[in-house]
Amino acid sequence: MIRIALLGAGLIGREHAELIQTHPGAELAAICDPSPEGKALAERLSVPHFSAYVEALEKTRPDGAIIALPNRLHEAAALACIDRGIASLVEKPVADTVAAGARIAEASEDRGVPVLVGHHRRHSPDIRAAKKSIAAGELGGLVAVNGMTLFDKPEPYFQAEWRRQPGGGPLLINLIHDIDALRHLVGEIESVRAFTSSAVRGFAVEDTASIAIRFRNGVLGSFVISDAAVSPWAWEYCSGQALYHPSQPGPCLFIAGRKAALSVSDMYLWRHAEQDHHWQHPLLREHRPGDGSRTYVNQLDHFLAVIRREAAPLISARDGLATLAATLAVEMAAREDRTVTLDEMLATAGQRAVA
Ligand SMILES: NC(=O)c1ccc[n+]([C@@H]2O[C@H](COP(=O)([O-])OP(=O)(O)OC[C@H]3O[C@@H](n4cnc5c(N)ncnc54)[C@H](O)[C@@H]3O)[C@@H](O)[C@H]2O)c1
């Protein structure tokens, strides 16, 4: 049994606790969360409880740790794990600033202690199937990509003041997942431009954004996101894999290449029927379904392999850092009304905080 310490037992931490408890190859070594709810969860699950994570790591010596703490605490907790040779799964974003993320990446690489970042979509059956199809060359060379995350968050969600302030909106809470999936499927981002609007809710933070993306391999992309629009076009609904949303199968991401196009999450591949294709001839539609597995279970399975040093993290701290930097680039591009490159963001490490 792989023994895992859970640092932070809030919204997502409780999900991790449940996943570990029901996994045949893992058990909870400790729950560290000073809140009464954290203590109560540890008691209910009969797991040692701690209020300070260093004490939890020292006393229980776990094989791995899941860091589901507020973003600003990710760096110190990840470094504490790396110092002790403990592999960690750090929830997304890898850290609250590019500089903090870079320090985690450097420490992980220098010490050879793996850090897996919790961008769970990479473990999702639809994203896996899309990655496989692209890697197999089914789409040919990629040309363009277009995606959407359009949903309607309820009013009580905004009672927390930080959700109404810059950093607490859909760019840094939600788009970061889309950016990570795009980087994973299409390639590294070179630069972005973006418009944001807060016209629907009138908060200081954006409620809607449109983004233009140039990838390093020459692919061009566009993406729209809003937390104030009613639609099923978001991975959370389309994939049927999210923790807190109903399954409403459909497409939310469209990837087009020289040979074929693929829609995700409904996983339809569109291609010409004949070799000497003509744009006025009908296209064939074929299904490329996922394997029916569950995203968060897959993520935990992968983390266990990382802990056993049988697999390198599918998304390392360095990779998570680029996802964070690209997401912050979108925010900066909109605010300063200009093109922002990933290189620029990585060079200005530490200037931008994430809520
Ligand atoms: N991958 C996903 O699907 C997903 C979903 C939600 C949140 N997240 C990420 O997970 C992290 C946590 O988010 P959340 O929504 O669960 O937040 P939350 O506020 O619900 O939970 C954070 C928990 O950390 C505890 N905590 C605070 N300081 C602590 C300390 N010093 N030591 C131990 N525990 C401490 C708090 O008491 C709280 O219970 C964030 O980084 C967030 O971005 C990821």
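## Salt bridges to start with

A salt bridge here is a side-chain nitrogen of Lys or Arg within 4 Å of a carboxyl oxygen of Asp or Glu. Searching the whole structure turns up 31 salt bridges.

## What you are looking at

This is a predicted model, in which local features need pLDDT of at least 70, side-chain atom pairs count only at pLDDT 80 or more, and totals for chains, interfaces and linings use all residues. Residues are numbered from 1 along each chain as its sequence is written, and side-chain values use heavy atoms, leaving out hydrogens and water.

Let's look at an open sheet of six strands, which has the order 3-2-1-4-5-6 with parallel pairing. Strand 3 (49-50) and strand 6 (115-118) stand at the edges with a single partner strand each, so one side of each has no neighbour in the sheet. Strands are DSSP runs (E, at least two residues), as are helices (H or I, at least four residues), and they are numbered from the N terminus. Two strands count as paired if DSSP finds at least two bridges between them.

Strand 2 (residues 26-32) pairs with strand 3 in the parallel sense over two bridges. The bridge partner of Cys 32 in strand 3 is Phe 50. Helix 1 (residues 11-21) packs on the sheet, touching strand 1 (2-7), strand 2, strand 4 (64-67) and strand 5 (87-91). Contact means heavy atoms within 4.5 Å.

## Two salt bridges up close

Asp 227 forms a salt bridge with Lys 153, and their closest N and O atoms are 3.7 Å apart. Asp 227 lies in the loop between strand 10 (220-226) and helix 8 (235-238), while Lys 153 lies in the loop between strand 7 (142-150) and helix 7 (170-185), so the pair ties together parts that are 74 residues apart in sequence. Asp 227 is buried, at 2% relative accessible area, and Lys 153 is buried too, at 9%. Buried means under 20% relative accessible area, exposed over 50%, and partly exposed in between (1.4 Å probe, protein chains only).

Glu 190 forms a salt bridge with Arg 214, with the closest N and O atoms 3.9 Å apart. Glu 190 sits in strand 8 (residues 189-197) and Arg 214 in strand 9 (residues 208-215), so this pair links parts that are 24 residues apart in sequence. Glu 190 is partly exposed, with a relative accessible area of 27%, and Arg 214 counts as partly exposed at 46%.

Methods. Axes fitted to C-alpha atoms, helices over the stretch in contact; angles between N-to-C directions.
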